Amino acid sequence: MSTHYDALETRSPAQREADHLARLPAQIALAQQRTQAFGELLRGIDARQIDSRAALAQLPVTRKSELLERQAAHRPQQIFGGFNAIGLGPDMPRLFSSPGPIYEPESRRPDYWRMARALHAAGFRSGELAHNCFSYHFVPAGSMMESGAHAVGCTVFAGGTGQTEQQVQAMAELRPAGYIGTPSFLRILMEKAAEMGVPLPSLTKALVSGEAFPPSLRDWLGERGVAAYQCYATADLGLIAYETEAREGLVLDEHVIVEIVRPGTGDPVPEGEVGELVITTLNPDYPLIRFGTGDLSAVLPGPCPTGRTNARIKGWMGRADQTTKVRGMFVHPKQVAEVVRRFPQVVRARLVVSGEMANDQMQLIAECHEPSPALAQQMADAVREVTKLRADIALQAPGSLPNDGKVIEDARSYQ
């Protein structure tokens with residue numbers, strides 16, 4: 001299973017970076033010219049100058065909440081809020097709806113969501129039958145996986161969700177080589193098969209996604225003969241990263257540019273620090289530029305033992321949107337970032353909200369190189385100016401805060 005999907009996976013990191021940065025200006029120009037949304041969001045930007053990660057980091061981050069707001073404001077004239085570069089008709093055979101609702105296009109491009117790479121890494125091969133238990137209803141998950149399986153050369157049984165007894169019966173009769181779906185539903189199916197006394201000897205592999213995949217469940221499946229691997233994808237972007245047989249983090253897809261930024265900002269964090277995943281896709285049909293996923297992760301050091309040379313991330317580590325309400329007012333991560341931005345000697349900060357219900361207290365813990373009472377007072381004044389709320393200031397040495405991506409910690413008691 002150690003063979004790679006294509007030569008892109010083993011090119012040198014320098015070659016990959018050069019290729020991505022060479023393609024980046026044209027992708028930004030395409031987004032400006034062919035989508036109304038980025039024509040407005042990137043107005044005045046010279047795409048030819050966006051040829052480095054430093055230049056890319058100067059562009060605004062578009063977060064999912066903004067995409068939703070723009071879609072809602074422009075419907076029905078613009079279903080996708082002006083982010084699409086293709087329109088309804090032969091170039092767009094399907095569109096889908098995710099909770100929000102947020103509408104996503106699917107173009108006619110083969111393996112549009114780029115899922116074949118993840119399926120290949122999970123052991124799926126041409127000529128096999130894949131039992132797809134992702135939903136084909138409203139959301140794109142079923143189609144994402146099916147198009148990827150077709151690109152690998154698999155035939156797909158469109159199982160969809162629910163109907164556990166019928167799913168087990170189909171598996172017993174059709175003998176698929178692998179399962180595609182959520183890990184929890186695979187466990188349900190295997191438990192139902194055991195309850196029915198139906199062996200599933202053909203089922204030896206799985207690609208799972210859509211929810212957490214703890215090692216305990218991975219081991220439980222492995223004890224029953226199924227080697228399951230996970231991938232990280234979204235309905236907006238397609239595949240972002242995938243697990244390999246090394247089981248050391250998730251390798252990034254070859255057709256996305258990934259940044260990890262401090263929550264509430266667009267500022268890249270040092271390598272290894274937890275932050276929000278921001279993705280620039282090289283998809284010409286839906287060219288999302290610096291799209292904030294809202295998910296936290298961190299880069300793992302070193303290459304994958306399988307020989308794949310792309311960077312790896314630790315996987316999903318929580319949500320970046322840590323907005324909380326304090327004394328009846330919302331406090332946002334970007335407000336904490338605004339306070340920190342005013343003080344160059346501050347490295348990182350975390351706002352801790354504590355106390356019992358109706359007795360909220362805020363403390364801003366800041367890592368800094370030059371602590372002083374004067375700095376603490378200046379920061380307290382800045383917090384009050386930015387949030388309209390008071391906070392105590394605690395200055396600590398760099399490296400004191402946990403590396404977990406939290407900018408706001410809600411430590412209140414609600415009992």
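Me: Okay, helices here are DSSP runs of H or I with at least four residues, strands are E runs of at least two, and both are numbered from the N terminus. Where does that put phenylalanine 138?

Reply: Keep in mind that this is a predicted model. Phenylalanine 138 sits in the loop between β4 (129-132) and α6.

Me: Is phenylalanine 138 buried or exposed?

Reply: Exposed, because its relative accessible area is 55% and the cut-off for that word is over 50%.

Me: Which other non-glycine residue has a positive phi?

Reply: Arginine 247 has one, near 55°. You'll find arginine 247 in the loop between β9 (238-243) and β10 (250-252). It counts as partly exposed, at 27% relative accessibility.

Me: Back to α6. How many residues does it have?

Reply: It has 12, covering residues 141-152. From first C-alpha to last, α6 reaches 17 Å, close to the 16 Å expected.

Me: Which residues of α6 are buried?

Reply: Gly142, Ser143, Met144, Met145, Ser147, Gly148, Ala149 and Val152. Just after the helix comes glycine 153, with a positive phi of about 110°.

Me: New topic: where are there cis peptide bonds?

Reply: One runs from arginine 75 to proline 76, with omega near 0°. That proline is in the loop between α4 (64-74) and β2 (94-98). Another joins glycine 100 and proline 101, with omega about -5°, and proline 101 lies in the loop between β2 and β3 (102-106).

Me: What about the largest nonpolar core, how many residues are in it?

Reply: It has 61, and those with the most contacts inside it include Ile28, Phe124 and Leu288. Helix α1 (residues 13-34) gives the largest share of this core, 5 residues. Apart from it lies another core of 26 residues, among them Val346 and Val383.

Me: What does leucine 288 touch, beyond its neighbours within four places in sequence?

Reply: Phe38, Leu67, Phe83, Asp236, Leu237, Ile279, Thr280 and Thr281.

Me: And how many cavities of 30 Å³ or more turn up?

Reply: The search of the whole structure finds 1. The largest cavity holds about 40 Å³ of space.

Me: What lines it?

Reply: Val331, Gln335, Val336, Val339, Leu351, Leu364, Val383 and Thr387. That makes 6 nonpolar residues, 2 polar and no charged.

Me: Which helix gives the most to that lining?

Reply: α10, with 3 residues. Both α10 (333-341) and α11 (373-387) supply at least two.

How values were computed: Residues numbered from 1 in each chain as written. Predicted model: local features only at pLDDT ≥ 70, side-chain atom pairs only at ≥ 80, totals over all residues. Heavy atoms only, no water. Expected span 1.5 Å × (residues − 1). Buried < 20%, exposed > 50% of the residue type's maximum accessible area, 1.4 Å probe, protein only. 1 Å grid on protein atoms, 1.4 Å probe; cavity = no way out; pocket = protein on both sides within 12 Å on 5 of 7 lines; lining within 4 Å. Points joined across faces, edges and corners; volume = space filled by probe spheres on them. Nonpolar A, V, L, I, M, F, W, Y, C, P; charged D, E, K, R; others polar. Core = buried A, V, L, I, M, F, W, Y, C linked by side-chain atoms within 4.5 Å. Contact = heavy atoms within 4.5 Å.
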